[in-house]
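Here is a walk through one protein chain. Start from a single side chain, then widen the view to the fold, the loops and the pocket.

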Amino acid sequence: MRQADSNFSKTFDDALRRKMRFLDYAPILHVSALTGERTPKIIETLDTVAAARRVRVPTPALNKFVERITAANPPVSPSRRHVRILYAAQIGVAPPSFVFFTNVATTFHFSYERFLLNQIREEFGFVGSPIRIQVRRRGKDRGARRADARRKHE
């Protein structure tokens, strides 16, 4: 590959990423419709992305990961309240979805959410797939919720 081709690809990729920030997780492939060059890479990438979308992270591994990253970089809320992530769980696949239970009902600051997404992607993969994050306040225990529900129906 000539140097000019390499620079063109990098310049093109950078411009595309800037214009399509919402797809920062999506791989960029350079193929030729004219010659068919690198077209097999499309199927390989589709298989990789499809497999990554179905990955399920075990809850203990996710919580060890959360403990490690929050120790180094504690979460920040938009209101600047002290937030602790108590635990996390994966609640879905295709796309991978995670819920983070915190000590206060809040959302994470957009920069912290992006940090979490990048860390999750770095640790567990999810190539080419969006990742969904929900934040919830840890609720009462299940027994108390059931009792509350029974009282409402009586």
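Q90 is buried, with a relative accessible area of 8%. Buried means under 20% relative accessible area, exposed means over 50%, and partly exposed lies in between, all with a 1.4 Å probe and protein chains only. The model is predicted, so local features need pLDDT of at least 70 and side-chain atom pairs count only at pLDDT 80 or more, while totals for chains, interfaces and linings use all residues. Residues are numbered from 1 along each chain as its sequence is written, and side-chain values use heavy atoms, with hydrogens and water left out.

Stay with Q90. It is found in strand β1. Helices (H or I, at least four residues) and strands (E, at least two) are DSSP runs, numbered from the N terminus. A polar atom of the Q90 side chain lies 2.6 Å from the backbone nitrogen of V57. A polar contact is a pair of N or O atoms within 3.5 Å; within protein, one must be able to donate a hydrogen and the other to accept it, and residues adjacent in sequence count only if both atoms are side-chain atoms. Contact in general means heavy atoms within 4.5 Å. Beyond its neighbours within four places in sequence, Q90 is in contact with V55, R56, V57, L62, P96, S97 and F98.

Q90 stands opposite F98 in β2. Strand β1 covers residues 85-92 and strand β2 covers residues 97-102; they run antiparallel and are joined by 6 bridges. Two strands pair if DSSP finds at least two bridges between them.

A88 lies in strand β1 too. What is its relative accessible area? It is 0%, so A88 is buried. Setting aside neighbours within four places in sequence, A88 is in contact with T59, L62, N63, V66, V99 and F100.

Now the turn. The hairpin of β1 and β2 has 4 residues between the strands. A94 lies in this loop. It has a positive phi of about 55° although it is not a glycine. A94 counts as partly exposed, because its relative accessibility is 39%. P95 is found in the loop between β1 and β2 as well. The peptide bond from A94 to P95 is cis, with omega near 5°.

R38 also has a positive phi, about 70°, and is not a glycine. Its place is in the loop between α1 (3-19) and α2. R38 counts as partly exposed, at 41% relative accessibility.

T45 sits in helix α2, residues 40-53. It counts as buried because its relative accessibility is 14%. Apart from neighbours within four places in sequence, T45 is in contact with P27 and L29.

T70 is in helix α3, residues 59-72. Is T70 buried or exposed? It is buried, with a relative accessible area of 16%. A polar atom of its side chain lies 2.7 Å from the backbone oxygen of V66. With neighbours within four places in sequence left aside, T70 is in contact with P75, I85 and Y112. T70 and L116 are 46 residues apart in sequence, and their C-alpha atoms are 9.5 Å apart in space.

Step back to the whole chain. The protein has 5 helices and 3 strands. From the N terminus on, the elements run α-α-α-β-β-α-β-α. Of the 154 residues, 27% count as buried. Among contacts with a separation of 6 or more, 58% come from residues 24 or more positions apart.

Last, the largest pocket. Its volume is about 240 Å³. On a 1 Å grid over the protein atoms alone, a pocket is an open set of points with protein on both sides within 12 Å along at least five of seven lines, whereas a cavity is a set where a 1.4 Å probe fits but cannot get out; lining residues have an atom within 4 Å of a point. Grid points are joined across faces, edges and corners, and a volume is the space filled by probe spheres set on the points. The lining is R21, F22, D24, Y25, F110, E113, R114, L117, N118, R121, P130 and I131. By class, it has 6 nonpolar, 1 polar and 5 charged residues. Ala, Val, Leu, Ile, Met, Phe, Trp, Tyr, Cys and Pro count as nonpolar, Asp, Glu, Lys and Arg as charged, and the others, Gly among them, as polar.
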